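We will then walk through it together, one part at a time.

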Amino acid sequence: MTKTAHDHPLVRSYLRDLDEALRGLPPAQARELREQITAHLDDELAPDAPDDEITAALRRLGSPADLAAEAGGAGIQAAAPAGPSRQAIARRRRRRLAVLIPVVLVAGLVTGYLVAVLTAQPLVYNGGAGWWYPQDASRVVYSNADGVTQTTVPMRWRQRQGLFVQVYNYSGWTQTVLGFAPGTAQSPGSLYGAQLGISVREYAHGWPGVPTAQRYALPVSIPPGQSRWLRVLWTSDICETSGASIGIDQLTLVVRVGWITRHEVVALGEGWFLSGNNQSSCYS
Amino acid sequence: MTELRRGVLGPCVLALLEVRPRFGLELVRDLSAADGLLTSDGTVYPLLNRLRDAGLVTSQWRDAEGERARRYYSITQAGRASLAEFRDDWAQFAATVGAVLHHDLAQASAAAKGRPR
């Protein structure tokens, strides 16, 4: 004689099989169903129920596999006249996935695009450079300070001065130069900014033509693998003391790459300096 | 037939609970008394859980003196509304199917429109 029906070996065996069959269900759902079946057997069977009565009760309950199938959505959900069925939930999940997958794909494409654009190699100084005006080019003094080459010409107070450098687009993207980045040094000789121009065409691969013979404009698009002159003109208005000099070694440009506009720092390869005047001559 | 039985078992459970709350074995016995409704006693429990998840049924433990604690199932307001809707649908559906089965298509058409001839 056993204390409760579910202590009977036949019932215990059935419940073990049920546990096994319910393994695929969420644990809470499996626990609840096992509790309901156990309570059902305790209600139906007396603790000392004979084997044949227990066998009949277990047969009426249905096999553990069938119960698990019912609980797992084998079709009983059709009996619920309201509320989402498993198929409805699955359909909803599929619909959500149908929406989510394109969103994830688009997000991935956008991210990939941004990474590709933002990691595109900036425009680089490609070697060719010089002072724009002949009167400056003829008075260049080259020096080397701390391993940095410096090219210096006298400042011509309140006169136009300029320089040009060759830049090359090594990236796989067309880069459109829009102007100087605000707040950055634009020239060695003026506090009030400078005029930026980009030569509009390339004559041969890597050769942008004679710099002074080009047409300059802004903005200008530089296709991948092409070279352009970058010209900076300004009116010198910094009254530097005699013997001192002032210069720049880089320019920061606003450049559009694809849909992205970014700042690109073009290292000028050497320092471009203007040497000071006798201060009294500035305002005389 | 199995699918049809499954389809009507939920409303039948709601109808029994509409009368009064019942515990699991009670429901099983009442349903078994209606010959042919239950394929196996155990199927009632997953169904009850699904009705509960759908908000049509609630359950609570009752511990009557001298008896062991039992989980009683009750119908909710949403369950009553759902049952009422099913009763209307069922009457019309049964009339339509009955008419088709007896080769009375005119009656079936009228039944489908909710206008018995």
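This is a predicted model: local features need pLDDT of at least 70, side-chain atom pairs count only at pLDDT 80 or more; totals for chains, interfaces and linings use all residues.

**A walk through the two chains**

In chain B, three strands make an open sheet with the order β1-β3-β2, and their pairing is antiparallel. At the edges of this sheet stand β1 and β2 of chain B, each of which pairs on one side only. Two strands count as paired if DSSP finds at least two bridges between them.

Residues are numbered from 1 along each chain as its sequence is written, and chains are lettered from A and ligands numbered from 1 in the order in which they are written. The pLDDT is the predictor's confidence in each residue, from 0 to 100. Chain B has an average pLDDT of 85, and 92% of its residues score at least 70. For the complex, the predictor gives an ipTM of 0.84 and a pTM of 0.48.

Back to the sheet of chain B. Strand β1 (residues 22–23) of chain B pairs with strand β3 (residues 70–75) of chain B in the antiparallel sense, over two bridges. Here Arg22(B) has Tyr73(B) in β3(B) as its bridge partner. Which residue of β3(B) is the bridge partner of Ser59(B)? It is Tyr73(B). Strand β2 (residues 57–62) of chain B runs antiparallel to β3(B) and is joined to it by six bridges. Thr58(B), too, has a bridge partner in β3(B), namely Ser74(B). Helix α3 (residues 44–53) of chain B lies across β2 and β3 of chain B, at about 115 degrees to β2(B).

Chain A has an open sheet of five strands, in the order β1-β4-β9-β6-β7 and with antiparallel pairing. At its edges are β1 (124–131) and β7 (216–217) of chain A, each with a single partner strand, so one side of each has no neighbour in the sheet. Five bridges pair β1(A) with strand β4 (residues 160–168) of chain A in the antiparallel sense. Within β4(A), Tyr168(A) stands opposite Val124(A).

Now for the helices. Two packed helices are described by the angle between their axes and the distance between the axes. Axes are lines fitted to C-alpha atoms, for helices over the stretch in contact, and angles run from 0 to 180 degrees between N-to-C directions. The axes of helix α1 (residues 9–21) of chain A and α2(A) come within 11 Å and cross at roughly 165 degrees. That makes α1(A) roughly antiparallel to α2(A). Angles under 35 degrees count as roughly parallel, over 145 as roughly antiparallel, 65 to 115 as roughly perpendicular and the rest as oblique. From α1(A), the contact uses Val11(A), Leu15(A), Leu18(A) and Asp19(A), and from α2(A), it uses Arg34(A), Ile37(A), Thr38(A) and Leu41(A). Two residues are in contact if their C-beta atoms, placed from the backbone, lie within 7 Å.

How do the chains meet? In total, 25 residues of chain A are in contact with 29 residues of chain B. On the side of chain A that touches chain B, α2 (27–44), α3 (51–61) and α4 (64–71) of chain A each supply at least two residues. The most comes from α2(A), with nine residues. The axes of α2(A) and helix α2 (residues 24–33) of chain B are 9 Å apart, and these helices pack at an angle of about 75 degrees. They are therefore roughly perpendicular to each other. In this contact, Gln36(A), Ala39(A), His40(A), Asp43(A) and Glu44(A) of α2(A) meet Gly24(B), Leu25(B) and Val28(B) of α2(B).

Two backbone details in chain A complete the walk. Most residues other than glycine have a negative phi, and most peptide bonds are trans. Leu218(A) and Pro219(A) are joined by a cis peptide bond, with omega about -5 degrees. Pro219(A) lies in the loop between β7 and β8 (220–222) of chain A. Arg158(A), a residue other than glycine, has a positive phi, near 60 degrees, and its place is in the loop between β3 (148–154) and β4 of chain A.

Notes: Helices (H or I, at least four residues) and strands (E, at least two) are DSSP runs, numbered from the N terminus.
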